[in-house]
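This report concerns the fold of one protein chain. Please consult the sequence and the model together with the text.

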Amino acid sequence: MADARITLHPDFRRGVVDRRLFGSFVEHLGRAVYTGIFEPDHPAADEHGFRRDVADLTHELGVSMVRYPGGNFVSNYVWEDAVGPVAERKPFLDLAWRTVEPNLVGTDEFLQWAEREGIEPMMAVNLGTRGVAAAAALVEYCNGEAGTRWADLRIANGRTEPYGVTLWCLGNEMDGPWQIGHKDAHEYGKLAAEAGKAMKLVDPSISLVVCGSSSMQMPTFGEWERTVLSYTYDLVDHISMHAYYEEHDGDRASFLASGTAMDRFIDRVVASADAVGAERRSDKKITISFDEWNVWYLETRFPGEANLPIQRDAPRIIEDVYSALDAVVVGDLLVTLLNHADRVPVAALAQLVNVIAPIMTEPGGEAWRQPTFYPFATTARLARGTALDVRVDAPSLRTERHGEAPVVTAAATVDDDGSLGLFLTNRSDQVVEVDLAHVGATLSLTEGHQMLADHETAVHGPEHAAKVAEASWSAVDVAGALVGSADGTTTVRLAPESWTAFAGTFARA
C-alpha cells in the first residue's frame, strides 16, 4: 500500500493559471534597485544602466510581473520628484527604511526597463502621506494621452506613448502601525474608495488592488477586510494578502507545513470578501492579489525598521541567505497558490534581487541564484493552462504552530495540448510512496526535478549557493521514481523533506 493517494482527472478543474501568479517585487529598499537591477558602472550594464545579468536571471526565473515602488517605501514617496532630468532630481530621506534615496531610478526608468524585458508592471500609489490628487496624477502620467498636464509632462520627459499600466495598488499595508500614514479601516476604506474612483476616471480600464491585512496575525484581521471592502467592493478588483514564513526555534515540522497556514489565510480572506458580497447581494467576486510572500527570517534576523541607522548608498538590508530547506518551503507555498488559482490570479514573490530574494548580486561582481530560485523557476515554466482540483488523501503531521497538516501536498496543471505539470511536497522525514489515481485518463511522466531539504547553515556567496544547489537540486530519474503503474494508478516515491516537480502528458483515455 502507498502512504498517500492523489486523485487526478482532467475534468476536475480549479481555475486558469494566470501568468501574473509568477510575479515578483522591486522596492526601493536596500540593494533591490541600486546594485540590484540598476548599476550603471557594472560591466554587464546596458546603455540604460540596468544589469543585463540580473535581467537574464529574471527571465530564467520566469517572472511575469513586477510590483513597484513599494512596499513601505511608497507611503513616503513623492513620485514627481523622480521624473525628468536625473541631474535635477533631489535625494530625500525615505522614512520607511531610513535610507537616503538618490532618485536615480523613478517611474520612467522602471517602466521602460519592464517594457524592454517584457514584464508587466504593477504600480503602487502613496495613500500614506498623500492621496487622491497625487494618485490620479500618476495614472495620468503613465497612461494619459497628449493634451493634459501630466501626460504632457511625460512627453516632455521623452516618452510619447502612454505606458498603459493596468494593475494598481491602492497603497501598501495600511493596517500596519509601522506604515507611514497608517490609518484605521474606516479612514483607509474611504480614502481608497475616493482615490480609486479618481484613478478610474482618468483611465477606466485599470484594475485596482485594495489593501487587505498585512498578515493573518494582525489584531484587526477579518474586521479590516470587512470594513475596507464595505467602502470599496464595487470599485476594486482584488484585495491584497501578505505573508512571510520562517523556522522558529528549530521547529522544522511547523516550518515545512507553512503552506497549511497560507492555505487557511487564503480561505479566510476569500470568506471575508464573499461575506461582503453576499451582504450586498452582489454576483461580483473579489479575487486575491498575494503581492508579498516568501520565506523571511523577520523575527530572528531582522532588527526592525526603527532600529536601522540612517544610511545611504544602497545599504545591505534584509539580505537573507537561503538554504535548501527554505527552498522546499517556497516550493510548497507555490503548491498552495496553484491550488487557489480560481481566486488568486496575482502574486508577487518578495523580492526579486538581494532583499529576501532568489537572485543575489555583488556590486561590480557577479549575480547568482539562491536555492529558492529553482522551485519558483521550475513551477513558472511547467505550470500552464488550468489548475486541476487535486484530491489528496494522506496522513497528517502534528505541528506545534499549525496543528494537523497533511504529510503530502500536491498541485497539478494541464494545458490545452495535454501538457502536465505535477508538483508534490513530502513534509515528513520519511520516504513516502504516493498513488496517483487517474482512472479514465492516461498519465505519462517524462521529466522530473527535486529539491531536498538540508541541515546546513546557509552562507552568503555564489560558491556556497552553487554548492547547495549541487547537493540538493537535481533532475529526477523518472523511471527510478516510479514504483509501478497499473489499472489507472501510477505510484511514485518521494524523498524525505522534498519538493518534486514532474512534467508529462495527461488526457482522457
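The sections below treat the basis of the model, its sheets, a helix pair, a domain record and some backbone features.

## Basis of the model

The model is predicted; local features need pLDDT of at least 70, side-chain atom pairs count only at pLDDT 80 or more, and totals for chains, interfaces and linings use all residues. Residues are numbered from 1 along each chain as its sequence is written, and side-chain values use heavy atoms, with hydrogens and water left out.

Helices (H or I, at least four residues) and strands (E, at least two) are DSSP runs, numbered from the N terminus. Axes are lines fitted to C-alpha atoms, for helices over the stretch in contact, and angles run from 0 to 180 degrees between N-to-C directions.

## The five-stranded sheet

An open sheet of 5 strands, with mixed pairing, has the order β16-β1-β21-β25-β24. Here β16 (391-393) and β24 (482-486) form the edges; each has a single partner strand, so one side of each is left without a neighbour in the sheet. Neighbouring strands of this sheet are turned by 20° against each other on average, direction ignored. The antiparallel pairing of β24 with strand β25 (residues 489-494) extends over 4 bridges, and in it Leu 482 is placed opposite Val 492.

## The α6–α8 helix pair

Helix α6 (residues 223-232) packs against helix α8 (residues 258-279) at an angle of about 40°, and their axes are 9 Å apart. The two helices are therefore oblique to each other; angles under 35 degrees count as roughly parallel, over 145 as roughly antiparallel, 65 to 115 as roughly perpendicular and the rest as oblique. Their crossing is right-handed, meaning that the near helix is turned clockwise from the far one by less than a right angle.

On the α6 side, Glu 225, Arg 226, Leu 229 and Ser 230 meet Val 269, Ser 272, Ala 273 and Val 276 of α8. By class, this contact has 4 nonpolar, 2 polar and 2 charged residues. Ala, Val, Leu, Ile, Met, Phe, Trp, Tyr, Cys and Pro count as nonpolar, Asp, Glu, Lys and Arg as charged, and the others, Gly among them, as polar.

## Domain record

An unreviewed UniProt entry places the feature "domain: Alpha-L-arabinofuranosidase C-terminal" at residues 291-498; such annotations may be inferred rather than shown by experiment. This span is 19% helix and 37% strand, and its end C-alpha atoms lie 26 Å apart.

## Backbone features in loops

The peptide bond from Tyr 68 to Pro 69 is cis, with omega near 0°. Pro 69 belongs to the loop between β4 (65-68) and β5 (92-94). Gly 70 and Gly 71 are also joined by a cis peptide bond, with omega about 15°, and Gly 71 is found in the loop between β4 and β5.

Thr 35, although not a glycine, has a positive phi of about 70°. Thr 35 is situated in the loop between β3 (23-25) and α1 (52-61).

Key:
Contact = heavy atoms within 4.5 Å. Pairing = 2+ DSSP bridges.
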